[in-house]
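Subject: Structure for you to look at

Hello,

Here is the structure I promised. Please open it alongside this email, and then read on for what was found.

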Amino acid sequence: MRHSLFAYAALGLGMSFHVQATPSVAVDIAPLHSLVSQVMEGVGEPDLLIPAESSPHEYTLRPSQAKALSNADVVFWMGEGLTPWLEKALDNVAGSAEKVEMLALEQTHTHEYREGATFEAHSDHGDEHHDDDHHDKHDDEHHDDEKHHDEHKDHDGHKDHDAHKDEGGHHGHDHHGNDPHAWLDPENAKAWVAVIQEKLSAVDPDNASTYKNNAAEATESLNALIADTNAKVSKLGDVKFIVFHDAYQYFEKRFNVIATGAISLGDAEDPSPKRIKEIRETVQKLNVNCVFTEPQYNPGLVKNVFEGTSITTIGVMDPLGASIPEGSKHYQALIEAMVNSLSQCK
């Protein structure tokens, strides 16, 4: 009997060494964190590095977030275009983790930064996302520009961002290349769910079937979200609106509802006097009455810019979902909230 007890104990001890630990996963922003959460449902919870109420363009990790990054087996992040400060932290703190940069994936449909404060010239391209030939990633001219941009990164790009701050305290970025707000196109979200499933299954094969089933459910939910959003947007009519910073073109082009302009650039730099003048003139010329602030930034700037214009509705449009609880339901709720915001422009 004594020998049997030792045998069972040894067997139990041996089995404990074969238990597959849940992979530690870190994600930079809340919408992407939501997609990873959907795929990991029932297995584990990923760690969120940047709260949705904070700007990802400039952020300092808290000790708990840095610890999550250092413990990560896999890190899903948008890319240097959104979080230029994070790349160094990934190398220094999460050196052994597998890093998946969503903007660099072949599956990601990207658009170049728009130029100027107003977007009238872009409004006739609402359906360009349906044709792969129009994706900026596959544009030879874009590759040439991007190559030129990379050759000069150390001089005037994101790599040396601390040395190139403008007077307002924001980083002086070169606004060529891809707009990093690609999560606002749910077709990208669908593509990423498949990649997330693949990466997690590779590091955690014991739960591969769960990741596969969860990814299928997430994809079905995203398909329903796209159909529902298309139906709701089609009922809005000709909506004229101004956004706080140029972060929404992925949503705009996917659902063919184009903003009239943006107060700030894609990285939310303080607008120049010239840009403010241009957008005020456009508001008056087109009789735009709707503008959106963002919870990550001071709404007082918006009020000051449009004082004395035709703007009568000041709403909130949030590309990150600061008021939406983080987790698996966050992404779908974020896209629904975008439509709800637009419905205020009557």
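Over which residues does pLDDT stay under 50 while the model has zero contacts beyond four places in sequence? Residues 1-19 are the answer. Keep in mind that this is a predicted model.

Confidence comes next. The protein averages a pLDDT of 82. A score of at least 70 is reached by 78% of the residues. Residues 121-174 stay under 50. For that stretch, the model has 83 contacts beyond four places in sequence.

Now the cores. The largest nonpolar core has 76 residues. Leu 32, Phe 76, Met 78 and Phe 241 have the most contacts inside it. Helix 8, residues 208-234, gives the most to this core: seven residues. A second, separate core has 14 residues, including Ile 242 and Val 302.

Look at Phe 241 again. Set aside its neighbours within four places in sequence. Phe 241 then touches Val 257, Ile 258, Val 288, Phe 292 and Leu 342, among others.

Last, a helix pair. Helix 7 covers residues 186-203. Its axis and that of helix 8 lie 9 Å apart, at an angle of about 180 degrees. Angles over 145 degrees count as roughly antiparallel, so helix 7 and helix 8 are roughly antiparallel to each other. Among the residues that meet are Val 193, Gln 197 and Leu 200 in helix 7, and Ala 215, Leu 222 and Ile 226 in helix 8. The residues of this contact divide into ten nonpolar, four polar and three charged.

Best wishes

Key:
Residues are numbered from 1 along each chain as its sequence is written. This is a predicted model: local features need pLDDT of at least 70, side-chain atom pairs count only at pLDDT 80 or more; totals for chains, interfaces and linings use all residues. Side-chain values use heavy atoms; hydrogens and water are left out. A nonpolar core is a set of buried Ala, Val, Leu, Ile, Met, Phe, Trp, Tyr and Cys residues joined through side-chain atoms within 4.5 Å. Buried means under 20% relative accessible area, exposed over 50%, partly exposed in between (1.4 Å probe, protein chains only). Helices (H or I, at least four residues) and strands (E, at least two) are DSSP runs, numbered from the N terminus. Contact means heavy atoms within 4.5 Å. pLDDT is the predictor's confidence in each residue, from 0 to 100. Axes are lines fitted to C-alpha atoms, for helices over the stretch in contact, and angles run from 0 to 180 degrees between N-to-C directions. Angles under 35 degrees count as roughly parallel, over 145 as roughly antiparallel, 65 to 115 as roughly perpendicular and the rest as oblique. Ala, Val, Leu, Ile, Met, Phe, Trp, Tyr, Cys and Pro count as nonpolar, Asp, Glu, Lys and Arg as charged, and the others, Gly among them, as polar.
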